[in-house]
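Subject: Structure handover

Hello,

Here is the structure I promised to pass on. Please open it and keep it beside this email as you read.

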Amino acid sequence: MKLPVTRQQMFALTGYRTPTIQRMRLGADADGRLVAIGHDVQEQTSTLREFAEQTATPTRVMYAAPNRRTTHRLAALDVPTPSWMRAPGECPGMYALESAMDELAVAAGIDPVELRVRNDPDADPELDIPFSTRNLVACLRDGAERFGWSSRDPAPGVRREGRWLAGSGVAASTYPARFRPAQAFARAEGHDRYVVGIGAADIGTGARTVLTQVAAEALGVEPGQVRMLVGDSALPRAPVAGGSAGTASWGSAVEGACRALRERLAAGEHEAEVTYDTSDDVERQKELSRHAFGAQFAALRVNVDTGEIRVDRLLGVFAAGRILNPRTARSQFVGGMTMGMAMALMEESVVDPAFGDFLNHDLAQYHVPVNADVHAIEAHWIDETDPDANPIGVKGIGEIGIVGTAAAVGNAFFHATGVRLRDLPLRPDRVLQALGS
């Protein structure tokens, strides 16, 4: 059954990211090492159905501090029901945390990259268990070198290019590396041809491509010899395309089925078919904290006459396990970073206070970035092997690209102007008001 909706109806019926009001409190010693972290969140839901976004959860795993407190409070309003939006929780939560870390760096007189390095924990601060891998420091160091961070003047509001103020900023990123039970089958069809099937959904992220690669590698054949079946409820059951868990969950099932099929073929069963279920693999996982990490860097200019912001460069470096396909991975990272930039500069829903519905419910009034808004975006990654993440050693990359980007843009705005804006988006009218123009 399908329910088509118009563009205008989509805004109210398909959900939206929950608006949040966040209060951050950081306490640190003279060396910038955190001794206290407080993150309190208020967010809205509807009176029809409760939906809560886990906004403060990334604060629990990011930095070490002996005293930590996070809270979430919901306000039920007569508005459409919020829903999942790319990196729910981590995206808005890390904007607050990474903006606060930038403020702390300025107050303590410590380089923002160095401040984050000093507060990198050895184990999960919330669960007190080891990380499977945590290469945030490597991302920060590599990103700083690629970006040319060492040439940055630490003083805000000093670099001017005519009527433009220029600045740069940094923020960290994180997202959980999930692995969910899934089933897949693999069958030999003769003439060195194979059919592999799983009830996954390729929503344009390249899932069919990478699953074909995983199957071919496990079978020891060329990708052209594999016919990959997805997107059909008749196929073995698999989790949804969400939570950055698709490739890890589906790929592990595909790898298991193809590996088992290869063993049967080697034993002489030339028309074999096997089905593999990863439920036991999920149950046998060690007690570890599994996350992907990254570092986002932004360079921008602010026009003092119009309040216009131009992002000249975005650079992200990520530690996200084994990268199966560099081309599709780069596309995922760049897409997420583009959305993060839009979150910082332009995306905003305006609600009618009388009727509780959206006023700017079309692409003429709800602004999304186009090519002219995105000048130079670079996505890189650390060569990271994480055998404890899942059988194929990958971590989800669909969402971490957006996390931290808005904060990097906001921190760059402060560096350019010396003024801190905490409300998103950074609209020209807000910029002009903040600059006193």
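Predicted model: local features only at pLDDT ≥ 70, side-chain atom pairs only at ≥ 80, totals over all residues.

Residues are numbered from 1 along each chain as its sequence is written, and side-chain values use heavy atoms, leaving out hydrogens and water.

Start with the sheet. It is open, has four strands in the order S8-S7-S6-S9, and its pairing is mixed. Strands are DSSP runs of E, at least two residues; helices are runs of H or I, at least four; both are numbered from the N terminus. Two strands pair if DSSP finds at least two bridges between them. S8 (226-229) and S9 (273-277) are the edge strands, each pairing on one side only. S6 (residues 183-190) and S7 (residues 193-197) run antiparallel, joined by five bridges. Ala 186 has Val 196 in S7 as its bridge partner.

Now helix H10 (residues 405-417). In H10, 13 of 13 residues are buried (under 20% relative accessible area, 1.4 Å probe, protein chains only). Gly 418 follows H10, with a positive phi near 80°.

Last, Arg 116 in helix H4 (residues 112-118). Is Arg 116 buried or exposed? Arg 116 is buried, at 0% relative accessible area.

Best wishes

Notes. Buried < 20%, exposed > 50% of the residue type's maximum accessible area, 1.4 Å probe, protein only.
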